[in-house]
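The tour goes from one selection to the next.

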Amino acid sequence: MKTFDKNSDGSLSESEIAAVTEISCANKSIGSLEGVENFTNVVKLDCRNNSLTSLDVSNCADLTSLNVSDNNLTTISVSNNYKLNFLDIRNNNLTSLNLSNNTNIEGLNSAGNTYDIIPDSNRQFNLSNLAGTLSVSKTSSWSDGTTNTVKGKWQITKADPEYTVPTGLSGVKGKTLWTVGLPEGLSWMDGNTVMNTAGEQIFKAKYIPEDTKNYNTIENIDVKVNVAVPNISDATIKLPSAYTYTGKSITPAVTVTDSGKKLVKNTDYTVSCSKNKYVGTAKVTIRGTGAYTGTVTKTFKINPTKVTVRSVKRAGSGKMKVTWQKHSTQTTGFQIQYGTSSTFKNVKTTTVSGSKATTKTIKKLKKGKKYYVRVRAYKTVNKVKYYSSWSSKKYVKIK
């Protein structure tokens, strides 16, 4: 500490700590170097021949040389020391060492640990086999398949990552592979491939690991997809919600699209109807054919025809008489709206029962006001009322 305490005040300031680039504390019988991680600008640390059981250099990003030989370390992490060029870990109790981030190392001394520490093909320094890519010419003290000293740079090849091939995937014939989801990390080699054949099919996928620096991307993985015939129920089906009674059976204009593609009637689907002649709710059945299967049922309304109002006349003080053309077919009664607003805001409504009715006298109207009138027919089917569109409006001024 005296070496670094430039003003001799018994403590180290931030500027004094920042000025330290080299620490040498070898052969001091030191049991702990707690706090050394605060020396973030240190380049060289020599703490060999002490009694250290742990050492934290995670914040020493500029560290290029580290000598921790002849201590009692069981683990050590140098994964944050990317600039590390020399590492001496001899005569500790280490069983493994990970140098996957330390690609600048040119000197490694590792003898005298619980096991000789040697790099494997995964860039993990472990107990098993010497990496096949390690150059013998860059080693010394070679014996019995292990090495005590590694000198110079070496090239460690990337490892193949572990991954799981997904099962139980389902697709639809005629769709692209993009419509078939894959687990995280996996993607299709060509997502634009169209699944043209039904049944269990094999397609190619690839796996991209999160750590692409140390692990390979695996391509051409066989993935099974159960390709089903497309069901018409998965398509988009549109038809008008209502038609007007014509006295004939009505077949609605049905439009069917699948992923933006318009399907062809009687080629991809057929249309059949029931209860589609009289006022009420008709049923339409769209059935897949050709490349499609399945059935979809839709409904649409058939409403009464529009009423024609013949006249609206004054019928005495505060009264008017509404007359409409005979309208008895598919009709149960009539609904009349009237009020002083030409847009029929805040209007009153009255109902006339009976299909043969053609007039209605409305009383209690305000004198001097202009009243607007419109009429529509309705038919009750299974307790549900079906209404025609409104007639054209007529008006009269009340005297």
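What follows is a series of stops, beginning with the whole chain.

**Before selecting anything**

This is a predicted model, in which local features need pLDDT of at least 70 and side-chain atom pairs count only at pLDDT 80 or more, while totals for chains, interfaces and linings use all residues. Residues are numbered from 1 along each chain as its sequence is written, and side-chain values use heavy atoms, with hydrogens and water left out.

**Stop 1: the whole chain**

Next, show the surface. The accessible surface of the chain is about 22,100 Å², and carbon and sulfur atoms account for 44% of it. Accessible areas come from the Shrake-Rupley method with a 1.4 Å probe; for residues, only the protein chains shown count as cover.

Of the 399 residues in the chain, 40% are buried. Buried means under 20% relative accessible area, exposed means over 50%, and partly exposed is in between (1.4 Å probe, protein chains only).

A contact means heavy atoms within 4.5 Å. Among contacts between residues at least 6 apart in sequence, 42% join residues at least 24 apart.

**Stop 2**

Select residues 269-274, which are strand β19, and residues 280-288, which are strand β20. The two pair in the antiparallel sense over 6 bridges; strands pair if DSSP finds at least two bridges between them. Find C273, and then V284 in β20, its bridge partner. The two strands form a hairpin with 5 residues between them. In the turn, K275 has a positive phi of about 55°. When viewing side chains here, keep a general point in mind: in a regular strand they alternate between the two faces of the sheet.

**Stop 3: cysteines**

How many disulfides does the structure hold? It holds 0 disulfides, a disulfide being a pair of cysteine sulfur atoms within 2.5 Å. Select C47, which is in no disulfide: the nearest cysteine sulfur belongs to C25 and is 5.2 Å away. C47 has a relative accessible area of 0%, so it is buried. Move on to C60, which counts as buried because its relative accessibility is 1%.

**Stop 4: salt bridges**

The structure holds 5 salt bridges. A salt bridge is a side-chain nitrogen of Lys or Arg within 4 Å of a carboxyl oxygen of Asp or Glu. Three of them can be visited here:

- Select D46 and R48, whose closest N and O atoms are 2.0 Å apart in a salt bridge. D46 is buried at 11% relative accessible area, while R48 is partly exposed at 31%.
- Select D258 and K175, whose side chains meet in a salt bridge (2.6 Å, N to O). This pair links distant parts of the chain, 83 residues apart: D258 is in strand β17 (residues 255-258), and K175 is in the loop between β11 (169-172) and β12 (186-188). D258 is buried, with a relative accessible area of 11%, and K175 is buried at 17%.
- Select D222 and K204, where a salt bridge has its closest N and O atoms 2.4 Å apart. D222 sits in strand β14 (residues 218-228) and K204 in strand β13 (residues 199-207), 18 residues apart. D222 is partly exposed at 42%, and K204 is partly exposed at 40%.

**Stop 5: K319**

Select K319, in the loop between β22 (309-314) and β23. Is K319 buried or partly exposed? K319 is partly exposed, as its relative accessible area is 27%. Not counting residues up to four places away in sequence, K319 touches K313, R314, I362, K363, L365 and I398.

**Stop 6: T331**

End at T331, in the loop between β23 (320-324) and β24 (333-339). T331 counts as buried because its relative accessibility is 9%. A polar contact of 3.1 Å joins its side chain to that of H327. A polar contact is a pair of N or O atoms within 3.5 Å; within protein, one must be able to donate a hydrogen and the other to accept it, and residues adjacent in sequence count only if both atoms are side-chain atoms. A polar atom of the T331 side chain also lies 2.9 Å from the backbone oxygen of T329. Beyond residues up to four places away in sequence, T331 touches S355, A377, Y378 and K379.

Terms used:
Helix = DSSP H or I, 4+ residues; strand = E, 2+ residues; numbered from the N terminus.
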